[in-house]
Amino acid sequence: MENYSIVLFLLAVMIALSAMADKIRLPYPVLLIVAGIAIGFIPSMPEIELNPEIVFLIFLPPLLYDAAFNISFEQFKVNINTISTLAISLVFITATGIAVMAHYIIPGMTWPLAFVLGSVLSATDAVAAMSITKGLGLSHKTMTILEGESLINDASALVAYRFAVAAVTGTAFYLWKASLNFLLLMAGGALVGFVMAKILGFLLFKLRKNHMVTISFMLLMPFITYLLAEELHVSGVIAVVILGLGIARFSRKIFPDSLKHQSKSIWDIIIFLLNGLIFILIGLELPYVLRGIDAEHVWLYVFYAFLAVVVAFILRMVRVFMQKNTLQRAFSKKSKRVTEGALLDWKTSLIITWSGMRGIVSLATAIALPRTMEDGTPFPERNIIIFISVVAVLITLIGQGLTLPWVVRTVEKHPAKAAQ
């Protein structure tokens, strides 16, 4: 009952602050995170231990499904080159860059531990970016790229994370084996998602006149698909994404408008509540992870987290603008694989760069680190990795979250440069 009361309290706070954020024109994710930090420091507040398995099972499937369901499939195909670059290659580049920094700057960070930290912070969280950019008038193309990146990069980061943790615990690491495993996880997840989309499509077609049953199946299937894929040891993230893309195309053909509106209303409420809880829970974690850190070294570890954020930001900016130039050269050579709609301008490239915030997946993977090794010894530097990860997430969400609206307004004032 105590936990039940706490959840109700957090939901009430989240709803009230979300309404307040509109009045004071502050991005509501930032306000919720600050509130979470403040609530966590209340002396009588019971400790809320964030279970990573709950995060992956309860939060990820509906959020991924909703994003995939609402994304423009045509825009997704046009920008698939940029999306795959950000969601796959940039994830591994970022993990490597942060690992290099951590190994040479943070005492005690062996290469395997450094790669654990890098993989935890390698993927961006478009939930935050979408929440903060909502109402800023971003182009459909920019939103599609950010959403498309988030649909795939979680899978890439989780694969990198698993192999990094395995390396720490003493499991042999082979690059060819890791690459093959990555492809199998992605392909297996896609297959599971495709099959489940066909099954759900058949059920929805047969039951389309019963709106409540239809919507109930649509709410339930993302969780079932994710759980089934994970049980089969393939990517649950990719499975849910493929499910969402498949059902979106199917629903546009056969669903009446009344069913679409009813379904959207229900999903909007669910996503609103989940998003709000995510940001409050992120803020709540800071007071708890502080307890596992030596007070004398807190600000030093905050500095390390800031360095990790800077490395990730620079790598993202370099990779995005390299992609911009690569697409332009390919289009100039009249490559059939690059259409004019796939080109990136200066404005879009900068906004995509600035939207690279970390979020709930980074937080959950950090907390999911095993407490002990296979031989029973404590997992080395676990508290430090978790603390640096949580602080890095907070820096990106608050720092970039507060400045992103200003960046968008600034580049909108320079349309000539943006067209370059």
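Buried, in this tour, means under 20% relative accessible area, exposed means over 50%, and partly exposed covers what lies in between. Keep that scale in mind as you click through the model, which is a predicted one.

**Stop 1: Asn275**

Select Asn275, which you will find in helix H12, residues 257-290. Is Asn275 buried or exposed? Its relative accessible area is 9%, so Asn275 is buried. Now show what surrounds it. Setting aside neighbours within four places in sequence, Asn275 touches Tyr28, Leu63, Val127 and Ser131.

**Stop 2**

**Stop 3**

How many salt bridges does the model have by the rule used here? The count is three. For the next one, select Arg316 and Glu149, whose side chains meet in a salt bridge at 2.8 Å, N to O. This pair links distant parts of the chain: Arg316 is in helix H13 (residues 298-332) and Glu149 in helix H8 (residues 140-168), 167 residues apart. Arg316 and Glu149 are both buried.

Next, select Glu230 and Arg162. They too form a salt bridge, and their closest N and O atoms are 3.3 Å apart. Glu230 lies in helix H10 (residues 211-231) and Arg162 in helix H8, so this pair ties together parts that are 68 residues apart in sequence. Glu230 is partly exposed, at 24% relative accessibility, and Arg162 is partly exposed as well, with a relative accessible area of 39%.

**Stop 4: the nonpolar core**

Now look inside. The largest nonpolar core has 146 residues, and those with the most contacts within it are Tyr65, Ile247, Phe279, Ile282 and Phe387. Which helix gives the largest share of this core? Colour helix H16 (residues 382-412), which supplies 15 residues. As background, nonpolar side chains tend to be buried together in soluble globular proteins.

Apart from neighbours within four places in sequence, Ile247 is in contact with Tyr65, Phe69, Ala197, Leu200, Gly201, Leu204 and Met218. Two of those names return if you select the aromatic cluster made by Tyr65, Phe69 and Trp267.

**Stop 5: rings in H13**

The model has seven aromatic pairs by the rule applied here. One of them joins Tyr301 and Tyr304 in a tilted arrangement, 6.0 Å from centre to centre with 50 degrees between the planes. Both tyrosines lie in helix H13, three residues apart, about one turn of the helix.

Phe303 is partly exposed, with a relative accessible area of 42%.

**Stop 6**

Helix H5 (80-105) and helix H6 (111-120) each supply at least two of the patch residues, and H5 gives the most, with three. Phe115 sits in helix H6; at 32% relative accessibility, Phe115 counts as partly exposed.

**Stop 7: two positive phi angles**

Finish in the loops. Most residues other than glycine have a negative phi. Select His233, a residue other than glycine with a positive phi, near 60 degrees. His233 is in the loop between H10 and helix H11 (236-254), and at 67% relative accessibility His233 counts as exposed.

Then move to Glu381, where phi is near 55 degrees, again a positive value in a residue other than glycine. Look for Glu381 in the loop between helix H15 (360-367) and H16. With 27% relative accessibility, Glu381 counts as partly exposed.

Note on methods
Residues numbered from 1 in each chain as written. Predicted model: local features only at pLDDT ≥ 70, side-chain atom pairs only at ≥ 80, totals over all residues. Heavy atoms only, no water. Helix = DSSP H or I, 4+ residues; strand = E, 2+ residues; numbered from the N terminus. Buried < 20%, exposed > 50% of the residue type's maximum accessible area, 1.4 Å probe, protein only. Contact = heavy atoms within 4.5 Å. Salt bridge = Lys/Arg side-chain N within 4 Å of Asp/Glu carboxyl O. Core = buried A, V, L, I, M, F, W, Y, C linked by side-chain atoms within 4.5 Å. Phe/Tyr/Trp six-rings, centres within 6.5 Å; stacked < 30°, edge-to-face > 60°.
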